[in-house]
Amino acid sequence: MVIHYKCPNCGDDMVFNSETGTLSCGACGRQDNIEDFSEENIITTFEEDEAKEYHCENCGAVLITEAETAATTCSFCGAGVVLADRVSGTLAPAMVIPFSISKEQAAEAFKKWCRNGLLTPKDFMTANRIKNITGMYVPFWIYDLNSKVQVSAVGTKVRTYTKGEYIYTETKFYDVYRDINLDYSKIPVDASTKMNDELMDKLEPFPYDQLKEFKTPYLAGYIAEKYNYDDKELLPRAKDKIDGYIESYIKSSVSGYATVNYKRKDINVKKVHSSYVLLPVWMVYYDYNKTEHIFAMNGQTGKVVGKPPISKGKVAGWFGGVAAGTFVSLKVVSMLMGGGFW
């Protein structure tokens with residue numbers, strides 16, 4: 001099933017407006033609250049094989065989509081459509097964080113981010129080579145996890161003191177035991193095969209206080225994908241993401257000892273709850289030096305991640321400055337010590 005949201009005034013297609021949080025008509029400017037939008041202005045069409053194609057209700061074009069596509073834009077007339085059966089049943093997201101940054105704001109924020117690059121080429125920072133900006137709802141599983149940790153170790157405390165003509169070192173040994181219960185809320189893992197995991201991880205954190213109950217109008221005018229991996233398949237990745245926090249907490253709980261020798265460390269992590277959600281990401285495609293560079297922007301916070309090109313000249317100058325500073329520092333130290341440095 002393909003869904004179009006038609007303007008009650010002029011009949012044109014409406015899309016989700018990230019600035020106002022409403023369905024907005026680009027033709028006449030009408031805006032409607034998603035919760036109050038009338039069912040009679042929602043047009044649906046059914047296809048025999050929706051995994052491969054859909055018919056645009058606006059212009060009649062037959063467009064091919066991939067199986068994962070849940071929302072898209074007609075390449076012929078620009079109408080925003082949602083393939084409803086791909087966001088229903090077991091494929092229905094529980095919640096969504098809507099876009100709060102418009103396409104225009106994303107473009108300006110990206111240009112500003114480019115200008116802040118200390119080691120990027122000068123023309124990369126000043127030129128406008130944005131090839132395309134695509135608003136995409138990326139499928140994520142977010143997990144609530146509980147970890148129960150039992151640790152036994154031997155800790156030492158060392159005291160050095162002088163008595164008479166002798167210097168004594170006293171070492172005391174302690175049996176250390178910790179029984180720890182840790183809860184982690186909303187650990188995100190992207191569930192799309194197309195998205196770069198490292199890029200998505202760096203976009204965090206998302207403002208989870210902005211999570212809203214999923215409604216299909218939020219997707220209108222954006223691209224959205226359904227998940228490729230279910231919550232069971234991605235649970236190991238979620239557990240991996242909290243490994244460092246668990247180890248850090250264990251270390252902080254046994255601080256105060258000169259040395260700690262762990263005899264036993266049992267860590268049991270279990271899933272408490274998982275939810276399928278859609279999170280907003282602007283994908284920015286930037287042409288530079290005959291190469292396309294891909295960046296991602298958090299659609300709520302504006303955080304940009306990606307690998308910009310590096311200027312060899314700036315890198316050489318930076319290391320030259322570091323080397324010169326190091327030379328001066330060593331020269332001063334050597335003079336104070338009465339030695340020499342060459």
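Biologist: Which elements of the chain have the lowest and the highest mean pLDDT?
Modeller: In this predicted model, helix α5, which covers residues 312–336, has the lowest mean pLDDT among the elements of the chain, at 48, while strand β12, covering residues 166–190, has the highest, at 95.

Biologist: And where else is the pLDDT below 50?
Modeller: One such stretch is residues 46–52, where the pLDDT is below 50 and the model has 19 contacts beyond near neighbours in sequence. Over residues 326–342 the pLDDT also stays under 50, and for these residues the model has 7 contacts beyond four places in sequence. Where pLDDT is low, the predicted coordinates should not be read in detail.

Biologist: What about the mean pLDDT of the chain?
Modeller: The mean is 79, and 72% of the residues in the chain reach 70 or more.

Biologist: Back to β12, then: how does it pair with β11, parallel or antiparallel?
Modeller: The two strands pair in the antiparallel sense, over 23 bridges, and within that pairing Lys-157 stands opposite Lys-172 in β12. The hairpin they form has 2 residues between the strands, and in this hairpin Gly-164 takes a positive phi near 70 degrees.

Biologist: Changing topic, is Thr-134 buried or exposed?
Modeller: Thr-134, which is found in strand β11 (residues 130–163), counts as buried because its relative accessibility is 14%, and the cut-off for buried is under 20%.

Biologist: Which residues does Thr-134 touch?
Modeller: Leaving aside residues up to four places away in sequence, Thr-134 touches Ile-223, Val-281, Trp-282, Met-283 and Tyr-285.

Definitions and conventions:
Residues numbered from 1 in each chain as written. Predicted model: local features only at pLDDT ≥ 70, side-chain atom pairs only at ≥ 80, totals over all residues. Heavy atoms only, no water. Helix = DSSP H or I, 4+ residues; strand = E, 2+ residues; numbered from the N terminus. Buried < 20%, exposed > 50% of the residue type's maximum accessible area, 1.4 Å probe, protein only. Contact = heavy atoms within 4.5 Å. pLDDT = per-residue confidence, 0-100. Pairing = 2+ DSSP bridges.
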